[in-house]
Amino acid sequence: MGRPKATLELSSGQRQQLESIAGSRSLPAGLVNRARIVLMSAAGETNQQIARRLGLSQATVGKWRRRFWQQDVTGLHDELRPGRPRSIGDESIARLVRKTLETKPQDGTHWSLRQVARHTQLSKSTVHRIWQAFGLQPHRQRHFKLSKDPFFVEKVRDIAGLYLNPPENAVVLCVDEKSQIQALERTQPMLPMGLGYVEGVTHDYRRHGTTTLFAALDTAKGTVITQCRRRHRHQEYLNFLR
């Protein structure tokens, strides 16, 4: 048996950053795995368990665990690796990262490559490499919503508990509806994709009114039950539930 590892404790800020990286579908896979290594270590898993679950070597798991101990979350990012010695210092990189995270341009909602390159007097390719290395994507947003319901947590627990432990001989359905779906038809058939050009779709369309889609997920069977109705009233909703 190897030596017992010291407990890895995370602050709320560190955990939030790591969970955001670990759940990303756009960041490099290596960075995502490193964040997962730290989160799993903080959950008490051993290097051997983490390596087996992520398909990595124990040496790799130990390396990134130590890197996090030494350099925090920033230590999980790859260093810039240009083909020649770096011509930009750490202070310039830090200024660019701070500018991206803490400021916005006067004439826009987020920094573009051209704008930040002009303000920092760096090339667009350099800005792109630094953004990529630190996982910065100013043009993207992640939406969230905070509930004002004082009993929100209790309701979530009730619903989650229903899915996790449904009553015996009961059918659990997750039901939703989307109203005012436009039934549109293109005036010309689509042109198929070919070598050197993408699929072609005409801008013109015919309207065929609107419809309401009712959908339910049967969690026991994993099937979706759907109905389209012309109107959106409680009568249609109750009829769908029956």
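A polar contact is a pair of N or O atoms within 3.5 Å, where within protein one atom must be able to donate a hydrogen and the other to accept it, and residues adjacent in sequence count only if both atoms are side-chain atoms. The model is predicted, so that local features need pLDDT of at least 70 and side-chain atom pairs count only at pLDDT 80 or more, while totals for chains, interfaces and linings use all residues. Residues are numbered from 1 along each chain as its sequence is written, and side-chain values use heavy atoms, with hydrogens and water left out.

His-77 sits in the loop between helix 4 (58-71) and helix 5 (90-102), helices being DSSP runs of H or I with at least four residues, numbered from the N terminus. A polar atom of the His-77 side chain lies 2.8 Å from the backbone oxygen of Ala-133. Beyond its neighbours within four places in sequence, His-77 is in contact with Leu-31, Arg-34, Arg-67, Ala-133, Phe-134 and Gly-135, contact meaning heavy atoms within 4.5 Å. His-77 is called buried because its relative accessible area is 11%, the term standing for under 20%, with exposed for over 50% and partly exposed for values in between (1.4 Å probe, protein chains only).

Another loop, between helix 2 (29-42) and helix 3 (47-54), holds Glu-45, which is likewise buried, with a relative accessible area of 19%. The side chain of Glu-45 makes a polar contact of 2.5 Å with the side chain of Arg-53.

Turning to helix 8 (residues 152-164), one finds Val-156, which is partly exposed at a relative accessible area of 40%.

Note on methods. Helices (H or I, at least four residues) and strands (E, at least two) are DSSP runs, numbered from the N terminus.
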